[in-house]
Structure formats: C-alpha cells, structure tokens
Amino acid sequence: MKLLVLAAPSGSGKTTLVHRLLKEFPKLAFSISATTRKPRLNEQDGIDYHFLSLTDFKRKINSESFLEWEEVYENNFYGSLKSDVQKLWSKGQTVIFDIDVHGGIRLKKKYDLNTLSIFIMPPSIDALENRLRERGADSEERIYDRLAKAKEEISFAKKFDHVIVNDQIEVAFKQIHSLVTKFMSP
Ligand code: 5GP
C-alpha cells in the first residue's frame with residue numbers, strides 16, 4: 001500500500017504534472033476526490049471529481065467515508081473517498097493524491113512510511129497570479145481567494161518530503177519522475 005501525495009497552490013501546474021505521471025507509470029492510479037464545488041467547463045463527473053451536493057458531502061463525513069477531507073475554500077469541501085482508494089490498493093496500485101496542503105500533511109502523518117509527499121512550489125506569487133488569470137477559470141474574487149490561500153499553503157511546504165519548484169515544467173517533471181521511480185521500486 002503506497003501513497004503519492006502531490007500538493008501545491010492552485011495554478012502551480014500540479015494537475016498537468018499528475019496527468020504526465022499517470023501516463024508514465026501504469027502502476028499509479030488517481031484518487032478521484034469528491035467535492036461540493038461546481039464542475040468547470042471541461043470537467044466530468046466521475047473522472048475529474050465526484051461532484052456532490054453539500055448535503056451528500058456532509059452525510060459522507062458523518063458516515064466516516066473519507067480518508068481525509070477539508071473545507072479548502074469557504075463552503076467548498078473536498079475529500080478522498082476511502083472506498084475508492086481501498087479498491088485501488090487492493091489491485092496493488094500506488095494511489096496518487098492531488099490534494100491541498102493540509103490534506104497532504106494529514107495523509108503523510110497517517111501513512112508515514114508508505115507515503116511520498118511532494119510540494120510543488122510556484123516560482124513566485126506573481127507567476128501564480130498570471131497562471132490563474134491565463135486559465136480564465138475563476139472570477140476576480142476567486143483569484144484573490146486562491147492567491148491568499150496560496151500564500152498560506154507555501155508556509156507549510158517544509159512539512160513535505162520534497163519541494164520541487166515548477167518554473168520550467170520539463171525540469172520539474174524530470175525531478176519528480178526520478179523521486180517517484182525510486183519510491184515505486186519494490
Ligand atoms: P480545484 O478547485 O482547483 O480543483 O482544487 C482546489 C484545491 O483542492 C486544490 O489544491 C486541490 O488539490 C484540492 N483538493 C482536491 N481534492 C482534494 C481532496 O480530496 N482533499 C483535499 N484535502 N484537497 C483536495
């Protein structure tokens with residue numbers, strides 16, 4: 001049972017890195033989180049996230065269905081479902097988590113030696129702001145929220161096993177690739 005945790009402020013290029021890792025390592029499987037936020041245009045239910053109502057999400061909290069969950073943004077809940085993750089583990093797959101910093105730290109604490117935790121650091125707050133604007137997925141208010149959250153998240157980077165600066169994606173990917181190769185080897 002192995003966990004690969006990738007945490008990063010929103011807009012750090014984390015999702016791209018996760019997709020590349022999944023392509024490269026067939027033994028890796030993505031943990032599809034549940035969330036109460038609305039799907040973006042290109043997102044599909046059951047592929048990018050399990051999109052749930054707040055009521056359903058809270059029901060799952062009460063029934064202890066989550067390995068971990070967080071209210072990442074006010075009224076926007078995100079969580080990793082135990083049942084999904086256990087299914088992947090039972091097939092011998094290493095589960096990759098694209099989650100927020102606090103969720104990542106929680107999983108590392110819980111599954112210590114079975115976990116490789118990597119923090120993807122944006123080259124600067126300005127670069128992050130530019131990426132969020134270019135992505136065009138969020139309103140001004142949401143961008144402001146995400147930047148405030150990013151600053152807070154960066155202060156926890158030292159709690160991760162490794163910090164990788166994502167300035168040039170090819171360089172970052174190579175570094176992560178080598179860490180994951182070592183971690184996955186029996
Ligand atoms: P977004 O709304 O941009 O998809 O995600 C916002 C943040 O929530 C990202 O940092 C993402 O990694 C995080 N997130 C996604 N799924 C989970 C989860 O299951 N648990 C936690 N704690 N955070 C998550």
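Which residues in α3 are buried? In this predicted model, the residues of α3 that are buried are D84, V85, L88 and W89. They cover an arc of only 130° around the axis, and therefore they lie on the same side of α3. On the other side of α3, by contrast, K87 and S90 are exposed. After the helix comes G92, a residue whose phi is positive, near 80°.

To place this helix, we can turn to the sheets.

One of the sheets is an open one of four strands, which follow each other in the order β4-β3-β6-β5 with mixed pairing. Its edges are formed by β4, residues 50-51, and β5, residues 66-73, and because each of these has a single partner strand, one side of each is left without a neighbour in the sheet. Helix α3, made of residues 82-90, packs on this sheet and touches β4, β5 and β6, while its direction makes about 30° with that of β6. Within the sheet, strand β3 (residues 34-35) and strand β6 (residues 76-81) are paired in the antiparallel sense over two bridges, and T35 is found opposite Y78 in β6.

A further helix, α6, which consists of residues 140-154, lies across β5 and β6 and runs at about 120° to β5. Although R142 and Y73 are 69 residues apart in sequence, their C-alpha atoms are 9.5 Å apart in space.

Another open sheet has five strands in the order β2-β7-β1-β8-β9, and here the pairing is parallel. The strands at its edges are β2 (28-30) and β9 (162-165), each of which pairs on one side only. From one strand to the next, the twist averages 25°. Strand β1, residues 3-7, pairs with strand β7, residues 94-99, in the parallel sense over five bridges, and L4 stands opposite I96 in β7. Helix α7, formed by residues 169-184, lies across β1, β2, β7, β8 and β9, and runs at about 175° to β8.

Several contacts with oxygen atoms of the ligand can be described in turn. A polar side-chain atom of S33 lies 2.7 Å from an oxygen atom of the ligand, and an N or O atom in the side chain of R40 is 3.0 Å from an oxygen atom of the ligand. In the case of G79, a polar backbone atom is 3.2 Å from an oxygen atom of the ligand.

K14 is found in helix α1, which comprises residues 14-24. Apart from its neighbours within four places in sequence, K14 is in contact with L6, A7, A8, D98 and I99.

Conventions
Residues are numbered from 1 along each chain as its sequence is written. This is a predicted model: local features need pLDDT of at least 70, side-chain atom pairs count only at pLDDT 80 or more; totals for chains, interfaces and linings use all residues. Side-chain values use heavy atoms; hydrogens and water are left out. Two strands pair if DSSP finds at least two bridges between them. Contact means heavy atoms within 4.5 Å. Axes are lines fitted to C-alpha atoms, for helices over the stretch in contact, and angles run from 0 to 180 degrees between N-to-C directions. Buried means under 20% relative accessible area, exposed over 50%, partly exposed in between (1.4 Å probe, protein chains only). The arc is that of the directions from the helix axis to the C-beta atoms. A polar contact is a pair of N or O atoms within 3.5 Å; within protein, one must be able to donate a hydrogen and the other to accept it, and residues adjacent in sequence count only if both atoms are side-chain atoms.
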